[in-house]
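Dear colleague,

I am handing over a structure that you have not worked with before, and it is placed just below. After it I set out what was found.

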Amino acid sequence: MLRFLILFSLLIHSCVAPPKTKAAAGALPAKKWLTLSGKEPAVVARGGFSGLFPESSATANDLAISSSSPDLTMLCNLQLTKDGAGFCLSDIRLDNSTTISTFLPKGQKTYKVYGQNLKGWFALDYSADTIFSNVSLVQNIFSRPSIFDGQMSIAAVEDVLDAKPPKFWLSVQYDAFYMEHKLSPAEYIRSLRFSGINVISSPEIGFLKSIGKDARRAKTKLIFEFKDPETNEPTTNKKYSEILLNLAAIKAFATGIIVPKDYIWPIDSAKYLKPPTTVVTDAHKAGLEVYASGFVNDMLTSYNYSFDPSAEYLQFVDNGQFSVDGFISDFPPTASQAISCFAHQKRDTPKIGKTLVITHNGASGDYPGCTDLAYQKAVDDGADVIDCSVQMTKDGMAFCLDSTDLIPTTTAATTLMTRATSVPEIQSKSGIFSFDLTWAEIQSLKPQIQSPFLAADGFPRNPKNKNAGKFMTLADFLNFSKTKAVTGVLINVQNAAYLASKKGLGIVDAVKSALTSSKLDKKVLIQSDDSSVLDSFKAVPQYTRVLSIDKEIGDAPKPTIEEIKKHADAVNVLRSSLVTISQSFATGKTKVVEAMHKGNISVYVSVLRNEYLSITFDYFSDPTVELATFIAGNGVDGVITEFPATATRYLRSPCSDLYRELSFAILPAKAGTLVSVASKEAQPPASAPNPPLDAKDVMDPPLPPVANLATNNASGGAPPASLRSGTIATTANLSLSLMAVLALGLLLCAGA
């Protein structure tokens with residue numbers, strides 16, 4: 001079989017990594033680890049890169065080796081055929097991870113395995129020839145790519161050893177079951193003479209003791225694996241929880257233990273971390289290494305990790321109390337980057353390069369957007385620029401919120417549904433709009449965290465803080481920004497024409513007034529999808545004007561670039577305007593960044609989120625690889641994110657600098673390479689290319705004057721003069737003049 005993924009990794013390097021120079025090269029300072037040996041934790045790839053490809057396939061193994069730490073350990077879960085051949089798969093039943101049920105539809109049987117009746121297709125019923133010649137692999141986790149199913153052969157143990165992984169780990173899960181059916185995993189391993197096997201693990205004490213003498217002679221480590229605490233260990237018939245109480249006894253036949261990660265950092269029923277156990281420190285006191293298992297990128301774990309898989313790894317190695325000695329992971333590059341790039345990173349470490357980390361409603365992945373807590377979290381997380389999408393109330397208060405429709409971001413739907421209206425100029429569906437409520441009414445509501453993957457996928461964000469925080473006026477936001485360690489602010493202006501003409505609210509002048517009053521001495525970015533709004537700020541050249549392009553584009557011809565330059569210094573574009581996506585695969589790279597940069601226009605990309613559901617397979621379900629792709633691969637000038645901590649951590653890491661000579665780097669993905677590994681028939685259909693941005697799409701009509709609707713606003717009071725537009729103030733003065741003329745006329749009539 002061709003080793004596609006070696007080519008894959010080489011393509012990534014050759015296409016996106018700049019040539020390294022001696023001047024830029026440099027080793028990182030040595031890190032101090034709280035592992036048993038004092039060395040960095042091991043990365044153990046369960047079945048190769050099984051988070052992407054079928055377990056232990058040649059492609060999964062090759063990508064794991066080429067994309068992970070140089071000292072990677074490859075783990076193979078041993079299964080045996082009826083004629084004693086060994087191959088690598090986790091489940092003793094083959095029907096969930098191979099095509100055997102299609103090839104032999106009547107081959108299902110039932111066996112008792114450790115006291116449980118299991119039904120399926122079992123390896124011990126078939127010869128090696130049947131398994132290797134007629135059965136192929138499929139991905140056994142349905143959230144992972146299925147386009148490689150049926151195209152990759154089952155790997156014999158010898159095949160994996162022949163791939164020459166830096167280290168090889170053989171896991172023997174079912175020794176007692178195989179022995180019951182006259183197959184011996186121990187004899188199979190002896191037939192290999194332990195050659196190339198660095199580690200052997202098992203949840204069965206009897207098996208480990210049976211090969212102890214041979215393993216010591218071969219200098220192969222033996223590791224005891226803990227299963228569910230209430231499950232009985234087959235040899236002693238004791239619960240694993242009971243065995244855990246006497247770690248010193250394990251030292252007699254093993255050099256370390258594997259425990260599910262929840263043994264170390266338990267998670268409560270609400271999916272928040274509980275205090276750590278003493279498993280790691282107790283094991284280290286007994287002279288045992290500790291390997292934590294169960295690490296994946298594509299599963300909701302604890303909300304404490306903000307959907308960031310690297311944050312979870314760091315919790316186990318960089319907590320100041322202890323460190324595990326290794327991770328067993330389906331996504332070994334993510335484990336590698338956590339150890340090699342992010343561990344022991346100091347909060348005051350300067351960022352590498354000039355890419356801006358710009359928030360989207362503050363740290364809105366962790367707290368309700370545009371609240372004091374979201375902004376403070378963004379500051380704490382090292383954001384360069386914090387943002388305020390300005391909305392207006394009925395009585396003229398400018399405040400920060402993602403949308404003028406209050407339903408997604410507040411509790412308005414529970415108390416104010418009678419105030420819902422339809423405003424087709426704003427959105428197609430009805431809503432409860434800020435411009436129909438007074439500031440006092442809005443303050444009576446609670447903020448509400450936006451969970452973009454809740455309705456369809458059941459992924460809520462931080463439920464404990466679902467309604468935490470306070471709304472902030474624009475003036476409060478600017479005053480907050482003045483005192484915080486941020487480079488600047490982004491002010492997003494929406495719906496200016498509608499507010500002026502239909503609601504008598506001058507949002508542009510409200511923003512100008514607030515900025516002037518704040519005396520903010522930091523970078524100010526003014527963003528809008530309306531070029532006329534941007535033109536309104538031309539008089540302040542130090543402001544950076546950002547044109548928001550809310551539709552997918554694939555290029556920007558020269559006339560379009562020239563039109564943009566009349567109004568803006570930068571553009572905010574969608575992720576899919578830079579990398580095209582088809583069925584969660586990156587299929588192509590557009591010319592947008594190249595075209596904008598030729599015109600001296602900066603490019604910001606939005607919106608970046610940590611949930612794996614928003615991240616293509618090419619990025620390994622890892623938000624850090626997505627960041628690397630847009631920053632190092634596409635050369636954007638800023639990323640607009642709801643999780644600024646993830647972006648800041650990446651930019652502070654030396655691994656983000658592709659000019660630096662390191663043993664491990666976080667490399668961008670090259671669009672189209674991953675999908676090309678699948679057969680043509682299995683690849684998703686090619687999507688139509690994104691259209692180029694037309695110059696006419698940039699041009700907007702002039703803003704209308706602010707209408708005089710003071711009488712209609714009577715119930716909420718007239719908008720404050722400091723926040724009303726100049727047009728409204730002029731209209732008010734004219735009204736007073738007309739009243740004076742009318743009074744004079746009445747007096748003259750009375751005198752006559």
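Predicted model: local features only at pLDDT ≥ 70, side-chain atom pairs only at ≥ 80, totals over all residues.

The crossing of α13 past α14 is right-handed, and the contact is formed by P309, S310, Y313 and L314 from α13 together with T334, A335, Q337, A338 and F342 from α14. Sorted by class, this contact of α13 with α14 has 6 nonpolar and 3 polar residues, and no charged ones.

Helix α23 (residues 558–567) has as its buried residues T560, I561, E563, I564 and H567; seen down the axis of α23, these fall within an arc of 165°, so they line one face of the helix. The exposed residues K558 and P559 sit on the face of α23 turned away from that buried side, while the buried residues of α23 pack against α22 (531–535), β17 (544–548), β18 (570–574) and α24 (592–598).

Finally, G326 belongs to strand β11 (residues 326–329), and it counts as buried because its relative accessibility is 0%, where buried means under 20%. Apart from neighbours within four places in sequence, G326 is in contact with P41, A42, V290, Y291 and A292.

Technical notes
Residues numbered from 1 in each chain as written. Heavy atoms only, no water. Helix = DSSP H or I, 4+ residues; strand = E, 2+ residues; numbered from the N terminus. Buried < 20%, exposed > 50% of the residue type's maximum accessible area, 1.4 Å probe, protein only. Contact = heavy atoms within 4.5 Å. Arc of directions from axis to C-beta. Left-handed = near helix turned anticlockwise from the far one by under 90°. Nonpolar A, V, L, I, M, F, W, Y, C, P; charged D, E, K, R; others polar.
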